[in-house]
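Reader: I'm new to reading protein models. Could you walk me through this one?

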Amino acid sequence: MYVRTGVLVTNLGVHFKASRENSVVWVTTLDRGQPVEGADVAINDCNGKQLWSGKTDAQGLARANQTFDAELPNCVAEHALFVTARKADKRADAAGAVDI
């Protein structure tokens, strides 16, 4: 029997806070807890449609001056929003072999 599996290796931590007026994404390094400046941030709905994108500032913050509906109809996932962050010089690498 085979089970579909995904593996993510990264040093970026993504923190998301939504309120009634706006939302903020905070990106930090996992090893040192330092803010990550210039990370590309995206907020997607549960079906993968991009709702917002931006870049983090010197404090690692990306501010979205809008709200997001946390209960979207026809969600294929348990949570309605999915937030990602990428940084060109922060590659996700995995070494070794995975035997599933």
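Reader: How do strand 2 and strand 5 pair, and over how many bridges?

Author: Keep in mind that we're looking at a predicted model. Strand 2 and strand 5 run in the antiparallel sense, and their bridges number four.

Reader: Which strands are the edge strands of that open sheet?

Author: The sheet has three strands with antiparallel pairing, and their order is 1-2-5. Neighbouring strands in it are turned by 15° against each other on average, ignoring direction. The ones that pair on one side only are the edge strands: strand 1 (12-18) and strand 5 (61-64).

Reader: Is S23 buried or exposed?

Author: S23 sits in strand 2, which covers residues 23-29. Beyond its neighbours within four places in sequence, S23 is in contact with residues including F16, A62 and F68. Buried means under 20% relative accessible area. S23 comes in at 3% relative accessibility, so it counts as buried.

Reader: Which residue in strand 6 is the bridge partner of D40?

Author: Strand 3 and strand 6 pair in the antiparallel sense, over six bridges. V41 touches V83, T84 and A85, among others, leaving out residues up to four places away in sequence. As for D40, its bridge partner in strand 6 is R86.

Reader: Where does pLDDT stay under 50?

Author: The mean pLDDT of the protein is 80, and 77% of its residues reach 70 or more. Confidence is highest in strand 5, at a mean of 96, and lowest in strand 6, at 87. Where pLDDT is low, the predicted coordinates should not be read in detail. The stretch that stays under 50, with six contacts beyond four places in sequence, is residues 91-100.

Definitions and conventions
Residues are numbered from 1 along each chain as its sequence is written. This is a predicted model: local features need pLDDT of at least 70, side-chain atom pairs count only at pLDDT 80 or more; totals for chains, interfaces and linings use all residues. Side-chain values use heavy atoms; hydrogens and water are left out. Helices (H or I, at least four residues) and strands (E, at least two) are DSSP runs, numbered from the N terminus. Buried means under 20% relative accessible area, exposed over 50%, partly exposed in between (1.4 Å probe, protein chains only). Contact means heavy atoms within 4.5 Å. Two strands pair if DSSP finds at least two bridges between them. Axes are lines fitted to C-alpha atoms, for helices over the stretch in contact, and angles run from 0 to 180 degrees between N-to-C directions. pLDDT is the predictor's confidence in each residue, from 0 to 100.
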